[in-house]
Every structure is written in C-alpha cells, then in structure tokens.
Amino acid sequence: ARVAEGQIEYQTTPNFRLSFSVHDIKDPGPTIRVVYNGIMPDTLKVGRDVILEGDFRGGEFVASSLLTQCPSK
C-alpha cells in the first residue's frame, strides 16, 4: 500500500496512536483509513510505500504491524 495524500494524525498521550490513509500502489483511487497503536516511524510520509498487517474493523484497517519501505535511490 502507499500512503495517500491527506492528514497523518499522530497522538502521543494518553497512548501512541497513528492514523492515515493508504491506497493501492497501482490504483491511487479509493483509499482506506489505517489506525496503528504504536510509535510513528520517522520515514512515514505521503507517497511512501508501507507494509501493513492487521484486520478490518468498522470500516478501517487496524494495523498490528507497520513497516515503511526505504525510498529507492
């Protein structure tokens, strides 16, 4: 998935919580909201490819694992 244009929301209190939208790498049309309870990776930004593991709950993807891919050089 690829991080879509839009707001990346990050809160640190009372717990670390990150939310952002992603779209398919080949089809930038529809987006899915992702929620991740953990520390935001420094490399997370719009246009960055991410690898997510988790489950759909109530119309959003709740990620249990979040990895960002390094940009190609």
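This is a short tour of a predicted model, one selection at a time.

**Stop 1: the core.** Select Val3, Leu18, Phe20, Val22, Val34, Tyr36, Leu44, Val50, Phe61, Ala63 and Leu66. These 11 residues form the largest nonpolar core. Now colour strands S3 (17–23), S4 (31–36) and S6 (60–68). Each of the three gives the core at least two residues.

**Stop 2: Leu18.** Stay in the core and centre on Leu18. What does Leu18 touch beyond its neighbours within four places in sequence? Its contacts there are Ile8, Glu9, Tyr10, Val34, Val35, Tyr36, Met40, Pro41, Leu44 and Leu66.

**Stop 3: Tyr10 and the surface.** From that contact list, pick Tyr10. Tyr10 sits in strand S2, residues 9–11. Its relative accessible area is 33%, so Tyr10 counts as partly exposed.

**Stop 4: the cis proline.** Move to the loop between S2 and S3, where Pro14 lies. Select Thr13 as well and check the peptide bond between the two. This bond is cis, with omega at about 0°.

Stop 5: Show strand S5, residues 50–57, alongside S6. How many bridges pair them? There are eight, and the pairing is antiparallel. Then go to the turn, where two residues separate the strands. Gly58 has a positive phi near 60° in this hairpin.

Terms used. Residues are numbered from 1 along each chain as its sequence is written. This is a predicted model: local features need pLDDT of at least 70, side-chain atom pairs count only at pLDDT 80 or more; totals for chains, interfaces and linings use all residues. Side-chain values use heavy atoms; hydrogens and water are left out. A nonpolar core is a set of buried Ala, Val, Leu, Ile, Met, Phe, Trp, Tyr and Cys residues joined through side-chain atoms within 4.5 Å. Buried means under 20% relative accessible area, exposed over 50%, partly exposed in between (1.4 Å probe, protein chains only). Helices (H or I, at least four residues) and strands (E, at least two) are DSSP runs, numbered from the N terminus. Contact means heavy atoms within 4.5 Å. Two strands pair if DSSP finds at least two bridges between them.
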